[in-house]
Amino acid sequence: MGAGGVPYVVTHDGRTIRYPDPLIEAFDTVKIELAENKITDIMKFETGNLAMISGGKNTGRVGVIVSREKHPGSFDIVHVKDSSGAIFATRLGNVFVIGKGSKPMISLPKRKGLKRTILEERAERPTKN
């Protein structure tokens with residue numbers, strides 16, 4: 001709540017939107033119509049939604065949220081499963097919801113957020129003469 005009891009939401013890029021939808025909670029993602037500064041869609045932070053990792057060792061990876069561990073007095077941990085079946089964990093603050101279910105609301109990079117091993121990367125590179 002802001003001054004005078006006015007509800008508001010602050011986005012990652014610093015925008016402040018007054019009188020948002022009351023269903024929006026912390027860590028949810030909103031899709032905004034930039035011309036009008038209005039919220040067009042809400043992606044809830046919940047199990048089963050697609051997320052991208054925006055910080056830490058797993059930066060750039062994309063997967064479905066499997067679970068969330070709450071640790072009072074410490075960092076909450078989120079477990080994510082990518083499309084290759086690998087499950088990894090990261091801090092809650094590093095997770096950014098990008099889609100409902102397994103369908104992304106944005107275009108993904110060419111590798112679709114999968115992390116390759118060093119051997120896989122090496123096999124793709126052209127050989128030296």
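Is Phe 27 buried, partly exposed or exposed? Phe 27 has a relative accessible area of 40%, so it counts as partly exposed. I shall return to this residue after an overview of the chain.

Good morning. The structure before you is a predicted model. Confidence in the protein chain averages a pLDDT of 89, and 100% of the residues score at least 70. Two elements mark the ends of the confidence range. Helix H1, residues 118–124, has the lowest confidence, with a mean of 85, while strand E7, residues 77–81, has the highest, at 96.

Let us turn to the overall fold. The protein chain contains 10 strands and 1 helix. Reading from the N terminus, the order is β-β-β-β-β-β-β-β-β-β-α. The chain is more spread out than a compact globule, because its radius of gyration is 18 Å, well over the 14 Å that the globule rule gives for 129 residues. Along the principal axes, the C-alpha atoms fill a box of roughly 70 × 40 × 25 Å.

What share of the 129 residues is buried? The figure is 29%.

I now come to individual residues, beginning with the loop between strands E2 and E3. Phe 27, from my opening question, has its place in this loop. Its phi is near 75°, a positive value in a residue other than glycine. Tyr 19 lies in the loop between strand E2 (16–18) and strand E3 (29–33). Tyr 19 is not a glycine either, yet it has a positive phi of about 50°. With a relative accessibility of 57%, Tyr 19 counts as exposed, since the cut-off for that class is over 50%.

The next residue is Asn 94, in the loop between strand E8 (87–91) and strand E9 (95–100). Its relative accessible area is 18%, and it is therefore buried, the limit being under 20%. Which residues does Asn 94 contact, leaving aside its neighbours within four places in sequence? They are Met 52, Ile 53, Ser 54, Gly 55 and Gly 56.

Met 43 belongs to strand E4, residues 38–43, whereas Met 1 is in the segment before strand E1 (8–10). Met 43 is buried, at 4% relative accessibility; Met 1 is exposed, at 74%. Setting aside residues up to four places away in sequence, Met 43 touches several residues, among them Asp 28, Thr 29, Val 97, Ile 98 and Met 105. Under the same exclusion, Met 1 touches Val 6, Pro 7 and Tyr 8.

From Met 43 to Gly 101 the separation is 58 residues in sequence and 9.5 Å in space, C-alpha to C-alpha. From Met 1 to Arg 18 it is 17 residues in sequence and 9.6 Å in space, again C-alpha to C-alpha.

Thank you for your attention.

Note on methods
Residues are numbered from 1 along each chain as its sequence is written. This is a predicted model: local features need pLDDT of at least 70, side-chain atom pairs count only at pLDDT 80 or more; totals for chains, interfaces and linings use all residues. Side-chain values use heavy atoms; hydrogens and water are left out. Helices (H or I, at least four residues) and strands (E, at least two) are DSSP runs, numbered from the N terminus. The radius of gyration is taken over C-alpha atoms; the globule rule is 2.2 Å times the number of residues to the power 0.38. Buried means under 20% relative accessible area, exposed over 50%, partly exposed in between (1.4 Å probe, protein chains only). pLDDT is the predictor's confidence in each residue, from 0 to 100. Contact means heavy atoms within 4.5 Å.
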